[in-house]
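Please keep the sequence and the structure in view while reading.

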Amino acid sequence: QLLLVKQGDAALQLGEYDKAFDSAKNAQKLKEDDAETLVLLGSVELMKGMTRESVKHLTRAIELNPSD
């Protein structure tokens, strides 16, 4: 799961949003309620114009890890 998040983050930084989205979704399948995965997923969704989904995932990430 961590490797998928790292791959997704790298793809996001390169502007490869579809690849980043796929990595985030696959990571989420392995560990559904993981703050780092949800931040990646929400960030990718924001870049893809999926605002509603992005807010949902980023809000959940904050709930899981409010100090980060």
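## Helix packing and selected residues

With a relative accessible area of 25%, S43 is partly exposed. The residue belongs to helix 3. This description rests on a predicted model. When residues up to four places away in sequence are set aside, S43 touches L12 and L58. The C-alpha atom of S43 is separated by 14 Å from that of A27, and the two residues are 16 residues apart along the chain.

Two packed helices are described by the angle between their axes and the distance between the axes.

| Helix pair | Angle between axes | Axis distance |
|---|---|---|
| Helix 1 and helix 3 | about 25° | 10 Å |
| Helix 2 and helix 3 | roughly 150° | within 9 Å |
| Helix 3 and helix 4 | roughly 155° | within 8 Å |

### Helix 1 with helix 3

How far apart are the axes of helix 1 and helix 3, and at what angle do they pack? The axes are 10 Å apart, and the angle is about 25°. Angles under 35 degrees count as roughly parallel, so helix 1 is roughly parallel to helix 3. In passing helix 3, helix 1 makes a left-handed crossing. On the side of helix 1, the residues in contact are L2, V5, K6, G8, D9 and L12; on the side of helix 3, they are E36, T37, L40, S43, V44 and M47. Sorted by class, this contact between helix 1 and helix 3 holds six nonpolar, three polar and three charged residues.

### Helix 2 with helix 3

The axes of helix 2 and helix 3 cross at roughly 150° and come within 9 Å. Helix 2 is therefore roughly antiparallel to helix 3. The crossing of helix 2 past helix 3 is left-handed. Helix 2 contributes Y17, A20, F21, A24, K25, A27 and Q28 to the contact, while helix 3 contributes T37, L38, L40, L41, V44, E45 and M47. The classes represented where helix 2 meets helix 3 are ten nonpolar, two polar and two charged residues.

### Helix 3 with helix 4

Helix 3 covers residues 35-47 and helix 4 covers residues 51-64; their axes cross at roughly 155° and come within 8 Å. Why are these two helices described as roughly antiparallel? Angles over 145 degrees count as roughly antiparallel, and helix 3 and helix 4 are therefore given that description. Helix 3 passes helix 4 in a crossing that is left-handed. From helix 3, the residues A35, L38, V39, L41, G42, S43, E45 and L46 take part in the contact; from helix 4, their partners are E53, S54, H57, L58, R60, A61 and L64. The contact of helix 3 with helix 4 comprises eight nonpolar, four polar and three charged residues.

One of the residues on the helix 4 side of this contact is S54. Is S54 buried or exposed? S54 has a relative accessible area of 1% and is buried, because buried means under 20%. Apart from neighbours within four places in sequence, S54 is in contact with G42, E45 and L46.

In soluble globular proteins, nonpolar side chains tend to be buried together. In this model, the largest nonpolar core has eleven residues: L4, V5, A11, L12, A20, F21, A24, A27, L40, L41 and V44. The elements giving two or more residues to this core are helix 1 (2-13), helix 2 (17-30) and helix 3. A27, a member of the core, touches Q1, L4, V5 and T37 when residues up to four places away in sequence are not counted.

### Two residues in loops

L14 is found in the loop that joins helix 1 and helix 2. With a relative accessible area of 64%, L14 is exposed. The C-alpha atoms of L14 and R60 are separated by 25 Å, and these residues are 46 residues apart along the chain.

M50 lies in the loop between helix 3 and helix 4. The relative accessibility of M50 is 23%, and the residue counts as partly exposed. Not counting residues up to four places away in sequence, M50 touches F21 and E45. Between the C-alpha atoms of M50 and E16, which are 34 residues apart along the chain, the separation is 15 Å.

How values were computed. Residues are numbered from 1 along each chain as its sequence is written. This is a predicted model: local features need pLDDT of at least 70, side-chain atom pairs count only at pLDDT 80 or more; totals for chains, interfaces and linings use all residues. Side-chain values use heavy atoms; hydrogens and water are left out. Axes are lines fitted to C-alpha atoms, for helices over the stretch in contact, and angles run from 0 to 180 degrees between N-to-C directions. Helices (H or I, at least four residues) and strands (E, at least two) are DSSP runs, numbered from the N terminus. Angles under 35 degrees count as roughly parallel, over 145 as roughly antiparallel, 65 to 115 as roughly perpendicular and the rest as oblique. A crossing is left-handed if the near helix is turned anticlockwise from the far one by less than a right angle, and right-handed if clockwise. Contact means heavy atoms within 4.5 Å. Ala, Val, Leu, Ile, Met, Phe, Trp, Tyr, Cys and Pro count as nonpolar, Asp, Glu, Lys and Arg as charged, and the others, Gly among them, as polar. Buried means under 20% relative accessible area, exposed over 50%, partly exposed in between (1.4 Å probe, protein chains only). A nonpolar core is a set of buried Ala, Val, Leu, Ile, Met, Phe, Trp, Tyr and Cys residues joined through side-chain atoms within 4.5 Å.
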